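Student: I have a structure open beside its sequence, and I would like to learn how to read it step by step. Could we go through it with questions and answers?

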Amino acid sequence: EKLGMATALCLIDDDLACEPYSMPQQLLIPSSHGLKLLDICPFFEDDSEIADSDDAANDFRQQQRKRTNSINSSLVSDSDSDSTTTAPHHLRTMRPTLRRKWRNAKKALHLSSTKQQQVRIVRSRSDVSDALVSEESKAETNPCKVQFEDPTWWQYLPSLKCIGLACLLSDGDIEADHRRRKSDSITSFESSSAAQQPQTALDSCVLSLVRHIGVFPQRPQLQSLAQCIGFSDKPNSHGSKGDLSVYTEANRFYVVSSRLLSKRLALDRHALGLEDARRWGYLNRDAVCIVIQDHRSNGYHLLTVGHPSVVAELCTDTWHGEKSTISPLSAIDRKAILDTSNNWCLSDLDVIAFSYAPVPYTLEQRIIGNTALAAMRHPNKLLGSTLPAVQEVPSYFTAYLVDNRSLADLDVPISKDSGCAEWSLVNNQIFLGMSGSLVSPREEIDYILGQLTTAGVRFVYFSPRNMRRTKELASQMGIDVAWNCAISLRSLDNGQEDPHRMISAYADWDVNARLPHGIIDVKRHLSEVDNVPLLVSLFTDATEETTTDMVNIFREYHDTVIAVGLSHLSSNQGPFGAADIAIGVDVLLPRNIKPSSADDLQNGELPILSRGKSSKRQISQAADIADPFLHYNEVEFVSLIASNNCVFSLKGPSSMEHLPSIIAVGRAALDASSSGALFVLNAGLSLAFLSLLCPCTVSTCVPYIPTLGAMIYLLILIPLIGLSMAWTDAQGDSMSEIPPKNDDTIVFGRDDGKRLYTHMVIRAFFPAMGSHFMYLIPLGELLLAFEPDYLKMNCPDVNLENANWTHVIRCPSLKFYSGKVRLWSGSLLLSQMAFCVIFASAGFVYRTRSLGEEPPWRNIVWLFTSSATLGATVLYLILSMDGGVASTQVARNLPYYYYIISVIFPLLWLFLGEFLKKIDRGYEKRACMLRRLQFETRLGMWSPK
């Protein structure tokens, strides 16, 4: 019942709304004319995907009126002040054709990946190992594959080469880091101030702590950007490692800025970006400096990937690739880079900067010495080591460089610290560019939002981040970000302004709309102003308490709420318990994989790998978590405890695409059960009218209703047909109708109750009245055939030779008659009404649809049950006549027109019910149109009061 009446679906977790990876959006590189912005879009095969219909183009224009541009809007109108200025190239907007390409490419990739996932699931029934996906198929369905929008991007290829190589090398140590953690080897860590000193017990503790809190994030957007530029790590003519075959990594330095760490710790959790929130609680590497050796020239090169502020401090020059010139990094350009980075961060982009420097000959000996030291400390060469050989662990040198300078000491160059020789290797670099990647919503969200909007279920997204960071994601999800678009659940003091509110060029995002801030203001707004907070689809700055309170408010105002969230988070217990229906999504445990043998368990642990990584069992639903090893039973136990309020438990984020189907099944079940219940009431009311009309009969012999027949009718026939209607499929437009609110005070609309009761009485009364009319014919005819002596003795006025049933039924002496004819006529009376009710049940299968629109025989269970009950009624009628002995004689003595009327009456009452359904359908259609108007409006019902 709650599924069928659901009016709001609340998504309460970011991980369910967003993909686990970012998509490159823009690339900023220096040029001779200033900073050049290159837009990036998803890869598409040919230009045929550009051609869309005119309707799609019109829809896009309407969406553009409602939404701001995805990335450049942050540079144009997302500023907190009107004095903010940007470079001219920041004012470019993306073309509508590329937006359509973006959608078409994502849909095509999603469909192809879905088909391959279905193939893998089917194959896993016979052998899980057969479900391994080749690298070629992964590449074909890579959702991160992108390309440059500008067709002349190749002019900047000299600048892009180093960026592509840095992207390809930046994540190369992740697998090695996981293996080091697993093997517990003490390698590749050197303090920046004691690189040449022997390792002590304290250093080992520091090493273990760093490995424990250190995060090793995979960034597929960097690999996508490298492939977009033209690099590949697949085997080619250069070697088995592709374009990396000619390079050997010698040193790797991780720069950690304590200043940025303190800033992140002091940052409000609502101001965190999505990527920052995923890495929250770990020690982030603010920059990665990689020293590689080129075998073709035997020279060393330094490539850096990291936070823009850290990379900019390490750079003194910029590279103009189109003219192959190097110029100093001026203060204006440095400020423009940092301002652009801040604007991109406010739009929730993951910003990464790149730099390069050729290693001088004077420092090559330092690099060679570091490499030799790392080789000596390789786990396979440790003296007395009992660990197994780890051939995969590289022997390059790794060091953590910690920048402990305060804000007052930023003007002091790091290279002047003579105690840190590694800093001299990473300073004085050349700035190459900066990329911005955006986390896109899951493909399932677009489908769910479209289906729920059509079905009249309001999609509500609770985001823990502030408005400015949530706006772009909400826009891509399809949520309106214009008028009355979002409410912040973070309470503000009197007179306090929200520094994170979104100000656009057209109107203030929430101030001009007079939307409240915080739960208290929301309640006050609903009671004093209007119901606009109930029409909003985006709530920002959400916490467990505020989300629970908002769900309770929805229910208080008669919404039936479905809450969807991660099943393993204990913070979701509040919203799950407050909602009418809770659905948990399990993203930690693989689908259909359980440890069942010693091969599955390795020391009590089952590998649960993050998306995009290969394992012994490649499954379609990989977990989006950072820790590569978790105990299966522990995770399962935690998920079961946290999701104890959940009615359903879905496996994997992609299973959310079944939510509209679940709601459709709920609506079908509700409609079917309502139709069945209405039929049971109508059939029971018919029997009541049949009993009530017995004293009102035309005949002097009051009809006798067999007790056994009435019990069979009430306890067997009616329940069987009513239950069979529960198997009725959904109506064709069930997911396009708006469900009514769950308001107990408004049971019926205007005159709806009177109309419903009137139609029910009509549909129940006429079968009973017709059955009483049919009772008169067998009573008179059977008395003439089987009781002639009784008529001669008690009814002398009746001429038996020329009499018919009309002359017999008014005989006064029949009021005392209780012979077998009276019993047989009563059985015929009850059977006739049963026939009428069974035929009339065809009009109850689809309560408001005609037989032509929705044929009732689509419900096979009902068709079989109706046929069986018809046969059972005939069998009961035969057995009720002296055990079937007199049934043949009774059938012969009934006139032919009795059988004709017995067929006409059930059909007549069926068509009477169809006429009443047509009237009900008109009222229902008007009510649906009103509910659709109320659902699609963005103005309150009493706006303002």
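Student: Which cysteine is joined to cysteine 795 by a disulfide?

Tutor: This is a predicted model, in which local features need pLDDT of at least 70 and side-chain atom pairs count only at pLDDT 80 or more, while totals for chains, interfaces and linings use all residues. Residues are numbered from 1 along each chain as its sequence is written, and side-chain values use heavy atoms, with hydrogens and water left out. A disulfide is taken to be a pair of cysteine sulfur atoms within 2.5 Å, and here the S to S distance is 1.7 Å. The partner of cysteine 795 is therefore, by that definition, cysteine 811.

Student: How many residues apart are the two cysteines of this pair, and where do they lie?

Tutor: Cysteine 795 lies in the loop between helix H25 (788-794) and helix H26 (805-808), whereas cysteine 811 lies in the loop between H26 and helix H27 (820-840). Helices here are DSSP runs of H or I with at least four residues, strands are runs of E with at least two, and both are numbered from the N terminus. The pair links distant parts of the chain, and the separation is 16 residues.

Student: Is the disulfide of cysteine 795 and cysteine 811 left-handed or right-handed?

Tutor: The handedness follows from the torsion about the S-S bond, which is about -95°. Because of that torsion, the disulfide is left-handed.

Student: Is cysteine 836 buried or exposed?

Tutor: Buried means under 20% relative accessible area, exposed means over 50%, and partly exposed lies in between, with a 1.4 Å probe and protein chains only. Cysteine 162, at 22%, is partly exposed, and threonine 707, at 52%, is exposed. Cysteine 836 has 0% relative accessibility, so it counts as buried.

Student: Why is helix H9 described as largely enclosed by the rest of the structure?

Tutor: Helix H9 covers residues 220-229, and its buried residues are Gln221, Leu222, Ser224, Leu225, Ala226, Cys228 and Ile229. Helix H9 is called largely enclosed because the buried residues number seven of the 10.

Student: Are H18 and H19 roughly parallel or roughly antiparallel?

Tutor: The axes are lines fitted to C-alpha atoms, for helices over the stretch in contact, and angles run from 0 to 180 degrees between N-to-C directions. Angles under 35 degrees count as roughly parallel, over 145 as roughly antiparallel, 65 to 115 as roughly perpendicular and the rest as oblique. Helix H18 (residues 518-528) and helix H19 (residues 544-556) have axes that come within 10 Å and cross at roughly 15°. The two helices are therefore roughly parallel.

Student: How do H27 and helix H28 run relative to each other, and which residues of H28 meet H27?

Tutor: H27 and helix H28 (residues 860-879) pack at an angle of about 175°, with their axes 10 Å apart, and that makes them roughly antiparallel. On the H27 side the residues are Ser827, Leu828, Leu830, Ser831, Ala834, Phe835, Ile838 and Phe839. The residues they meet in H28 are Ser866, Thr869, Leu870, Thr873, Val874, Tyr876 and Leu877.

Student: What is the distance in space between threonine 707 and serine 827?

Tutor: Threonine 707 belongs to helix H23 (residues 707-724). In sequence, threonine 707 and serine 827 are 120 residues apart, while in space, C-alpha to C-alpha, the distance is 10.0 Å.

Student: What percentage of the residues of the protein chain count as buried?

Tutor: The secondary structure of the chain comes to 30 helices and 20 strands. Of the 945 residues of the chain, the share that counts as buried is 52%.

Methods. Contact means heavy atoms within 4.5 Å.
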